Amino acid sequence: MKKENLLSKQQFIPIILGASIGVYSTARSFHEAYGVMSISICRYLTGQINHSKIIFPIVESDMEDEEVLFNCLNKIAHSYPDTPKMIIGTDEWHIEMIVKFRGKLDNTWIIPYTDSDTLQRVINKTDFYYLCEELGVNYPKFISLGNKQLLETELPFSFPVVVKPTSRVLYESLKFTGKMKVFTAQDRTELDEIVVLLRNAGYYENLVIQEYVPGDDTAMHILTLYIAQDGQTKLASFGQTLLEDHTPGGIGNPLAIRTFRNDEVIKQAEKITKHVGYVGFANFDLKYDERDGKYKFFELNPRLGRSNYYLTSAGNNPTSYYVRDYINNKNMLYTVAEKEVLYSIVPKKLLLGYIKEKNLKNKIKELYKKRLVKNPLYYFSVEKNLKRLFYIVISTFNYYRKFKKYPPMS
C-alpha cells in the first residue's frame, strides 16, 4: 500500500519540518508510541529520512519562504482534509513561522507551541539573559551588539569568547563563506573579523558576545521540560552531554548524552517557564562551571532538541505528551526522568576515546554492558531497506573522519 494511502487511514498525521536526525528521532518516537507515519517537509533529502518506512518526505527547496511553506501545508490539508495534523518544528526559524500560521490554517491543524510574544521573549538570547538576571538563574557574562553595530570598546571579560546571532530566521537565510552555527574567537583580532564577516554577509541584527565557560564537552548538559496547555510542567528530563559535534555547521550538537536526575536545575528552569507563561517543550542548553560549581543557562530552544531521542531512550516518549495534551485531552501526572541510559550516535570506541574522567568512562562502559545504549537510527525491527542500512553504517563510522578533521578544543 502506498504511503499516501496509509497516511489517510491514520488517527492523526505528524508534519515535521526538516530532515535532520532530530526529525527522524521524532518520527520514530511517534511510530513507536502510535504506529503512525510522519510527513517530513524538507529542503532536500538526507540519509536519515531517505528510504525510511516511517517517513513520507516532501521536498520543498524554498521552505524558508513563509508563503512557500504555507502553500505546501495547504496542499497537505487538501490531501487529508479531515485528519488532525500536528505540525512540529526542529529549528527555531521553523517555530517562528509555525506560530505565525496560528489562526491562518484551518482547525484540523494542531500547533503545540507557545504564543508569539512569549516565544520572542525566550528565544532572543539577550532577552533570555536579562530574564535569567531578573529571576536569579545562573547565566554566562555577555554583551550585546545592536543592529549593524561593530565592537568599539573593550570586553568586560577575558578571551576566548563565543559569538552568536540572535535571529536564527535571518541567519538561516544567509549564505556566505565561513558560516558557522556558533563562532569562537581566541583574541580581539579574531573577534573583530567575525563581527565584520557577519555584518558584511547581511546579518544586521543583534549579536551576543558571551564569555567562554571552561570545560570540555562533558561539562555541557541538557534539560527538557514539557509544559502542558494548563501551564503545569508534566515532564522534566536532564542529561549530561558526553560528546558534541565540532564540525562548522553542527558545532554544539550533542552526539552522546547520559541521562540522570537533577532537581536543582529543574527548579531553576521552571522559574523561567512559569514566569513567562511558557507552553510546550522547552529545551535548555547549560554548562557546569567548575569555577563556581554552578550550572550556567545558555539558552532556551522552544522545541524538542535535535537529540530528543534521549527522552524516549529513558522511557519518556515526548510525542505521547503532544498527543495526550492536544489530541486526547488527557490529564498528565508530573514525571521526572530518573532512568540512567546512554543516547549515542557515535561508535563506542570513538566515544570512550574522548572521555578523560575515569569514573565517567567506567560508567559508560557499564551502560554498554547492560545494553542501556540507544541510537535513534537503529530501528532495524522496522527499517529493512538495504540502502538505508548502508547509509547508517557509513555515517556512523564517518564520525572518525569528522573528529580527525574537527577535534574538540583541548
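Predicted model: local features only at pLDDT ≥ 70, side-chain atom pairs only at ≥ 80, totals over all residues.
**View A. A salt bridge joins the side chains of R258 and E340.** The nitrogen and oxygen of this pair are 2.7 Å apart. R258 belongs to strand 12, which spans residues 254–260, while E340 sits in the loop between strand 15 (335–336) and strand 16 (342–344), so the contact ties together parts that are 82 residues apart in sequence.

**View B. D289 and R291 form a salt bridge.** The closest nitrogen and oxygen atoms of this pair lie 2.7 Å from each other. With a relative accessibility of 1%, D289 counts as buried, because the cut-off for a buried residue is under 20%.

**View C. D289 and R291 belong to a network of salt bridges.** Besides these two residues, the network links E211, D292 and K296.

**View D. E366 and K370 form a salt bridge.** Here the closest nitrogen and oxygen atoms are 2.9 Å apart. E366 has a relative accessibility of 32% and therefore counts as partly exposed, while K370, with a relative accessible area of 52%, is exposed.

**The wider setting of these views.** The structure as a whole holds 19 salt bridges, and those shown here include the pair R258 and E340, the pair D289 and R291, and the pair E366 and K370.

Note on methods: Residues numbered from 1 in each chain as written. Heavy atoms only, no water. Salt bridge = Lys/Arg side-chain N within 4 Å of Asp/Glu carboxyl O. Helix = DSSP H or I, 4+ residues; strand = E, 2+ residues; numbered from the N terminus. Buried < 20%, exposed > 50% of the residue type's maximum accessible area, 1.4 Å probe, protein only.
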